[in-house]
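Please look at the sequence and the structure below before reading on.

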Amino acid sequence: MKKTLSLAAAMALSAFASGAVAQSFPESPITWVVNWPAGGGQDTTSRLVADRLSDVLGVPVVVENYDGAGGLTGMRELANADPDGYTIGMLGSSSIIQQYTTDEPVMMDQLQVLSFFGPDPGALTVGADTPYETLDDYVAAVKEAPGDVPNGNDPPGGASYISAAIMESSLGLELNKIPYAGYAPTVTALLGGEVQSATVPLPQVLEHAASGDVRILGVMAGSPHFLAPDVPTFAAQGYDVLAGDFRAVVGPAGMPADVAATLSEALVEVLSSAEFVEAANAAGYMIEPLGAEEATARIEAFDAQVYPVLEAAELVTNPK
Amino acid sequence: MTQDLLATIFADLFTFSMIGLALLGVVLGLVFGALPGVSSTMALAVMLPFTYGMETAPAMVLMLAVFFSSVYAGSVSAILLNIPGTPGAMITLLDGHAMARKGEAAEAMAYALIASIFGGIIGWILLVALAPTIAGYALRFGSPEYAAVVLFGLALVAYASSGDTLRGLAAGAIGLIVGLVGRDQITDVPRFTFGTADLQGGIDIIPLAIGLFGVAEVLVLMTRPKSEMSEIPETRARTWPRWRSLRAELPTALRASTIGTFVGAIPAAGSAVAVALAYACEKRLSKTPEKFGTGLPRGVVAPEAANNACVGGALIPMMTLGIPGDSITAVLIGVLLLHGLRPGPGLFESQPDLIVTIYGALFVAIILTALVAGAIGIPVYRKILKIPQRILTAAVLILCLLGAYAVRNAVVDVWVAIFFGTLGFAFIKLNIPVLPLAFGAVLGPLLEENLRRTLVIHGDVGVFFERPISLVLVCLSFAILLVPLALSALSFLRRRPRRHSGL
């Protein structure tokens, strides 16, 4: 009993204390959850931001990798953390998709969006040995032999799978979608000729295009990719396809408004700085700093776009 | 190229600051790698933030030093504590820990070190001399070839696992089922997750191995009656093996290093496959296969040479294609990206200096690992055995559970380790070999994924017999599995009439 009382007293005190220090947030290290292993795109971008975010906020921002279950382990870690602003992290499009395709998913209403990082548009790349010189060639060939052209992509629900599925549904195509565990094996299969095309983001194939091993036929974005301004968009070639991954920074739902605002402003400050943009661009990442509201709107737009595609592909096990 | 390389090694890398950094990396790697559950990937991820402020060359020197030395040090906890720190050390513990129990812990560590350095250097030579050629072969390795090589590995393991074949096969089958747990790589459907989200990520091989070997060992020690309590004997004075016994291991080390380099160069194959192939191959070629697992130095040399040759092998696709060979090189690519360098086929033309620096840095890392581990590492590590058994046992259990947690920061992995610890304990009591279970869990998912992908692409099993690499591997696998069966059936038939007449 005595223990319970003192515990209650301690809790009341700490609640009071945390209320009082909310203005001086942050005053201890912040954990940044990455839901993929070290070295990947999510990890590299997170570390780029975290390093500079700690300069702006004046406390260390520690990146931790919670890898597993297709990114769900990390999302669960984020959603279940105390909403005090000391645990934040990055998510990508796969976390939006998993809401509808997974058992016991982490729903977006368990999370609070802090800022947008940037898009990572899909691209269509074909092997140099294939007969497809242009997007027209490719689309015509796939139409002629539905289900025959092997395309390398993620397992169902992954970003490059969804890019392929959006391309299929927008253009009325049917591919033979071959799943690989991540971008590296997909690119390997494309280079080795096991698949004829792949829908991975452009930075993954840029160097191979430069060396002539693959041809990038189009970018699934509104404007060309800054790394390859010569590669036309799908729209410029008369095909209405917009698809790809994106990254955003989130925390658990229910963060105090001032804490969320502090984090959101600091993130936008980092993401807008010329030095950061230069470093991120050099590493191949597109930056589009947006505050909490605009970021939420972007994610909702993606959700609205991708849900029908998931339904059509019969991937939805957890309907809206 | 050779001249550049030598010039770089002597002029740029043998400077005070570079050697200091490499030394720091080697020491950190030797500490991280020896800790159970702290994989080389994790060691590199921990070091990642320190490379932000550095130039590319020193950053790569530091990371490669941590990389190579931690891969070697994975054998330390395997030999001393029977806990595999890394998947590559899973095989080392069989004979390594058996040697330790015979009082030859220091000698086992010395064999492991010499084999690691030898494997590292072979891998390095192949990397420097043949990287583009090997990368070309690695690209020809599509899903059918990959499925065939894993089938070959399983066949070798089935053949090589000693004792009761039926029990071994049963354990292997359990391993295959364990490998099915989690999201299926082809359709993304969760299997055997019992409705929990925790198992969707599958059963990670490190917690499984920590349980199967480490926790089970602790349970055996704890349930042993007091009268049977035997301390791990104090190490004999000899640390370094005799030259003659080393020379006898040379063919093994050469074969294992070659296997390690080539398997390491196949993207996503990883050291677990390489050590399995190397060990099974040695056991197959040995005249006394029954001695494997009883503390045979060859059982340490083969996996350790293969494991460390994988380092050079894994760098091949990274340097030539910009594709990570495993999770460790993925972190290295992350370092390059953070420095604004994009590894890819153009790296050789656009950044020849960087290529030479990386080659040189790996060489320096190998040499420093040999020196530091030999002079300081082994004498310090062997002190671990001076800790009283009861304290050591308790510490091992704690390290096992911590290590299991640290792999993915997941509590479920602690339960996985405890579960497989209990299972491993039961297996030991029932005299069922545990190794086939571990191999089944490692190789099963790889076989399934690639087999199913092959069928999705080609739609026909016939493809395995149309492609030369897979044809050879599949035929060899069947030969390994069926020839002994046919031979014993033949001798059984021949013997039967005689037995009959004897009645």
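## A buried helix

The buried residues of helix α3 of chain A are A:Leu72, A:Thr73, A:Gly74, A:Met75, A:Arg76, A:Glu77, A:Leu78 and A:Ala79. A residue counts as buried if 20 or more other C-beta atoms, placed from the backbone, lie within 10 Å of its own. Because 8 of the 9 residues of α3(A) (72-80) are buried, the helix is largely enclosed by the rest of the structure. Helices are DSSP runs (H or I) of at least four residues, strands (E) of at least two, numbered from the N terminus.

The cover over these buried residues includes β1, β3, α4, β4 and β10 of chain A, together with α17 (389-408) of chain B.

## Model and confidence

This is a predicted model, in which local features need pLDDT of at least 70 and side-chain atom pairs count only at pLDDT 80 or more, while totals for chains, interfaces and linings use all residues. Residues are numbered from 1 along each chain as its sequence is written, and chains are lettered from A and ligands numbered from 1 in the order in which they are written.

The pLDDT is the predictor's confidence in each residue, from 0 to 100. Chain A averages 88, and 93% of the residues score at least 70. Over residues 1-22 of chain A, the pLDDT is below 50. Where pLDDT is low, the predicted coordinates should not be read in detail.

## Contact between the chains

Chain A puts 46 residues into the contact and chain B 42 residues; two residues are in contact if their C-beta atoms, placed from the backbone, lie within 7 Å. On the side of chain A that touches chain B, α7(A) gives the most, with 7 residues.

Note on methods. A residue is buried if 20 or more other C-beta atoms lie within 10 Å of its own, exposed if 12 or fewer, and partly exposed in between; C-beta atoms are placed from the backbone.
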